[in-house]
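I opened this model to look up a few local features. My notes follow.

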Amino acid sequence: MEKQNITAYERVLLARSKDRAGIFDYIDALFTDFIELKGDRLGKEDGSIVGGIAMFHDIPVTIVGQRKGKTTEENIKYNFGMTSPEGYRKALRLMKQAEKFKRPVITFIDTPGAYPGLEAESNGQSTAIAENIAAMSSLETPVISIITGEGSSGGALALGVADKVWMLENAVYSILSPEGFASILWKDSARASEACDVMKITAEELLEFGLIDGVIPENENMMETIDGMLLAAIKKLQKLKGPAIAKNRYEKFRRIDGAYVGK
Amino acid sequence: MMNDIFHKRKKSLNHLLDLRKPSRVEAKITCPHCKEEVLVRQVKENHKICPKCGFYFPMTPEERILSLADTKSFREQDKKLRTGNPLDFPEYEEKLAANEERTGHMDAVMTGTMMLNGIETAIAVMDGRFLMGSMGTVVGEKIVRITEYAGKKKLPLIIFSASGGARMQEGLFSLMQMAKTSAAVEKFKKDGGLFISVLTNPTTGGVSASFANLGDIIIAEPKALICFAGPRVIEQTIGQKLPKGFQRAEFLLEHGMVDMVTERKDLKEVLYKILKMHR
Ligand SMILES: [Zn+2]
């Protein structure tokens with residue numbers, strides 16, 4: 001890793017940069033024969049989530065990823081990567097479908113958070129996120145999540161209950177944005193940079209805590225690295241039966257206790 | 001007499017509205033909702049509801065259990081679990097100590113088993129007073145333990161939520177409790193367990209978007225704020241005032257997100273009927 005001495009807040013800015021690779025850059029580089037599948041079957045299509053099936057080497061996989069726009073127009077269309085309940089429900093539908101056909105699920109996470117809007121709340125944002133998290137925890141097929149940019153709040157976790165959770169070197173993963181954090185804790189969103197230092201949101205820190213499983217260096221070989229990691233992980237997971245995969249995943253999250261004290 | 005519900009006597013909470021303590025005949029309190037002066041005695045006799053405007057005062061875990069459990073039937077579990085401050089967050093320990101002093105609890109949820117009209121049930125009640133009922137590693141661990149215990153013993157599970165969301169001071173450890181608790185209740189439900197979730201004011205953020213909204217049956221208390229993003233965040237996003245009653249229990253009922261809105265005076269009976277039908 002090259003940029004060792006940049007601050008956590010600088011990483012936040014890097015993670016948000018519109019020059020960063022987006023979901024289709026990953027799809028193009030890593031998969032072939034991508035077919036996009038749309039809609040939640042309940043009345044909506046949420047463009048902030050891209051879903052579909054594709055070939056990964058000789059393995060059919062399901063891909064679910066968050067999409068930010070690269071232009072203002074795109075950003076409005078995809079709601080800046082802020083997912084609504086309809087998007088989570090589409091993701092859930094596709095993950096359940098993957099389970100049926102025993103396809104591994106690969107999710108790409110990049111969101112400033114679930115959409116905090118009137119309609120999103122009316123349509124059950126909490127329920128949609130909760131149901132995704134619950135369903136992913138028991139999905140009887142391999143699930144791998146890569147946090148490519150911002151992994152913010154339950155809106156990120158709703159795609160992140162995986163057998164392997166990896167982060168790009170300059171990605172961040174947090175309970176909420178540093179601005180939101182500073183505003184809640186210190187009533188001052190301008191102290192975001194300071195917040196980053198206490199929040200522990202960088203890939204390096206989270207790997208050390210054991211909260212993620214790997215860090216992907218951001219260099220010219222990044223896509224090859226991801227390709228290699230994905231292939232190895234999927235091959236290994238596919239040796240297990242569906243229920244065993246789900247059981248291991250349950251245990252993995254069950255163990256996260258922050259070393260509480262007492263019995 | 002009221003203390004008899006608890007197997008062991010709990011430290012008195014020194015709370016004006018503590019249902020377990022007698023109050024002076026003339027003691028009064030100002031209702032935070034209607035701002036009227038009301039008799040403490042009247043509020044307490046009325047399930048901690050303002051007799052003037054119907055405002056629901058928050059109930060402590062002890063009071064909630066008291067209002068539901070058969071005499072001497074409550075057995076608390078994991079009482080001594082305390083967070084390890086996983087991020088080494090500055091000033092967190094002091095905050096925890098102050099909250100423990102104030103509430104008599106080491107974190108924001110009380111769990112255990114009790115009998116409700118003779119039916120044994122596992123129960124968890126969140127304490128909205130403890131760091132706003134936020135979920136960190138201890139809340140996550142205790143919810144999972146009581147859920148797994150209920151699964152093992154084939155008991156129904158009732159969880160009362162009251163939470164401002166994730167525990168800021170525990171960062172991503174806190175977010176991961178959403179996964180951990182959701183996974184546990186999902187497994188419990190798949191194995192045939194009955195999970196009744198009761199949403200009280202407020203149930204928001206990470207708790208709302210995990211176990212709280214995964215009940216087989218979801219009951220909300222009248223006017224409770226139930227949401228993922230809080231009203232202030234949404235007002236900032238959309239740049240306008242929210243409609244009256246938005247994100248309140250009745251609004252969620254209208255939008256199909258909860259099964260029912262149940263008044264406190266009826267809650268025990270409703271819970272009993274549901275439990276009876278799942279024996
Ligand atoms: Zn009142």
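**Metal site**

I checked the spacing of the zinc donors along the chain and read C-x2-C-x15-C-x2-C. The model is a predicted one. I then listed the protein donors of the zinc ion: the SG atoms of Cys31(B), Cys34(B), Cys50(B) and Cys53(B). They lie 2.2 to 2.4 Å from the ion. I looked at the angles among the 4 donor atoms and found 104 to 114°, so I logged the site as tetrahedral. For reference, I noted that the ideal angle for four tetrahedral donors is 109.5 degrees.

Cys34(B) is in the loop between strand E1 (28–30) and strand E2 (37–39) of chain B. Cys50(B) is in the loop between helix H1 (40–45) and helix H2 (61–66) of chain B. The pair is 16 residues apart and links distant parts of the chain. Cys50(B) counts as buried because its relative accessibility is 2%. Cys34(B) has 25%, so I put it down as partly exposed.

**Largest pocket**

I read a volume of about 1500 Å³ for the largest pocket. Its lining has 43 residues. The closest to the centre are Leu176(A), Gly180(A), Ile184(A), Gly230(B) and Val233(B). By class I noted 20 nonpolar, 18 polar and 5 charged residues in the lining. Helix H8 (178–186) of chain A is one of the elements that supply at least two lining residues each. Helix H5 (171–190) of chain B is another.

**Ser210(B)**

I found Ser210(B) in the loop between H6 and strand E8 (217–220) of chain B. It counts as buried because its relative accessibility is 0%. Beyond its sequence neighbours within four places, Ser210(B) contacts Ala130(A), Met135(B), Met178(B), Thr181(B) and Ser182(B).

Note on methods:
Residues are numbered from 1 along each chain as its sequence is written. Chains are lettered from A and ligands numbered from 1 in the order in which they are written. This is a predicted model: local features need pLDDT of at least 70, side-chain atom pairs count only at pLDDT 80 or more; totals for chains, interfaces and linings use all residues. Side-chain values use heavy atoms; hydrogens and water are left out. On a 1 Å grid over the protein atoms alone, a cavity is a set of points where a 1.4 Å probe fits but cannot get out, and a pocket is an open set with protein on both sides within 12 Å along at least five of seven lines; lining residues have an atom within 4 Å of a point. Grid points are joined across faces, edges and corners, and a volume is the space filled by probe spheres set on the points. Helices (H or I, at least four residues) and strands (E, at least two) are DSSP runs, numbered from the N terminus. Ala, Val, Leu, Ile, Met, Phe, Trp, Tyr, Cys and Pro count as nonpolar, Asp, Glu, Lys and Arg as charged, and the others, Gly among them, as polar. Buried means under 20% relative accessible area, exposed over 50%, partly exposed in between (1.4 Å probe, protein chains only). Contact means heavy atoms within 4.5 Å. Donors are N, O and S atoms within 2.8 Å of the metal (3.2 Å for Na, K and Ca); water is not among the atoms, so sites may look incomplete. Four donors count as tetrahedral if all angles lie between 85 and 135 degrees; four count as square planar and six as octahedral if opposite donors are over 155 degrees apart and all others between 65 and 115; anything else is irregular.
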